[in-house]
Amino acid sequence: MADNADIPSIALCAQTACIWEATARKPGNVHRYRDFDDTSYVDFLLSAAAIAPALEDAATRPLGATILAAVQATRRVVRGNTNLGIVLLLAPFAMVPRQTPLAEGVAPVLNRTTVDDARATYEAIRLVSPGGLGQAPEQDVREEPTATLTQVMALAADRDLVARQYANGFREVLKGGLNALQRGMHACDSLEDAIIMVHLQLLALLPDSLIVRKRGAAVAHTASKLSGEVLAAGWPSSQVSWDALADLDSWLRADGNARNPGTTADLVTATLFAALRDGMIRLPLVLPWSVR
């Protein structure tokens, strides 16, 4: 891990990670050249700015209070759900002492969550009312929790990739995501393309939870299969792979954007935050942002 003097503040790490994720032209997501009917690129930029102060102060209050504060701040600037998953992923990271690498420090944060943390998080989720939210057989968000936040997240780990991070120590971010980002930064000519590579690799390996909730497991598995085919075609080194990427983007945007891989985007954001926070990526950037 780099010296603290060389690492941006938690607020800057959070805002930068959110901006990079939203700006990169990832298939199926909002970016600077593509909006959804109900959500714009500017909404994501406003959301990034809104959550930064709450995350900067995360070490001074309970985890659930930080999650609720960040969601409330977002609701004051945008109407839709732009970042609930991002907040749930970044808030535990923001609580890790700065001198401690995330891979070492996140487990103690998760191990000391409380029922009050779950209660505040439930309030945040109800405030956002995310798309495709079903009813859980136990510890449903519409009811009063009786278990800690980490315990209730573990109950949802088999159906939600964000919840799974609380159960497995953020494995998909701190191992899968960061490893993919490191490979991408070596294989690609720009940070934007490296971010797209992370997105493709995570989506290929992990059927997206948001797609599952909105359109079912079969559609989510198809999205993973198509993402894997883009990588297998040699992306970003071959024209065939770029054509496959364009086809994937079109397929994900069909059906009223209901195939939007939003949970994958949340994992990408958490990966970028971890890379900035622990010094894998330094500012100012050495690698160009984009070559397109």
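Predicted model: local features only at pLDDT ≥ 70, side-chain atom pairs only at ≥ 80, totals over all residues.
Residues are numbered from 1 along each chain as its sequence is written, and side-chain values use heavy atoms, with hydrogens and water left out.

Helix α12 covers residues 217–232, where a helix is a DSSP run (H or I, at least four residues) numbered from the N terminus. From its first C-alpha to its last, this helix of 16 residues reaches 22 Å, close to the 22 Å expected at 1.5 Å a residue, the expected span being 1.5 Å times one less than the number of residues.

Within α12, the residues A220, A223, S224, S227 and V230 are buried, whereas A218, K225 and A232, on the other side, are exposed; buried means under 20% relative accessible area, exposed over 50%, and partly exposed in between (1.4 Å probe, protein chains only). Seen down the axis of α12, the buried residues fall within an arc of 115°, so they line one face of the helix, the arc being that of the directions from the helix axis to the C-beta atoms. The cover over these buried residues includes α10 (191–205), α11 (209–215) and α13 (239–253), and contact here means heavy atoms within 4.5 Å.

In helix α14 lies T264, which is buried, with a relative accessible area of 1%. Not counting residues up to four places away in sequence, T264 touches H199, L202, L203 and D208.

Notes
Helix = DSSP H or I, 4+ residues; strand = E, 2+ residues; numbered from the N terminus.
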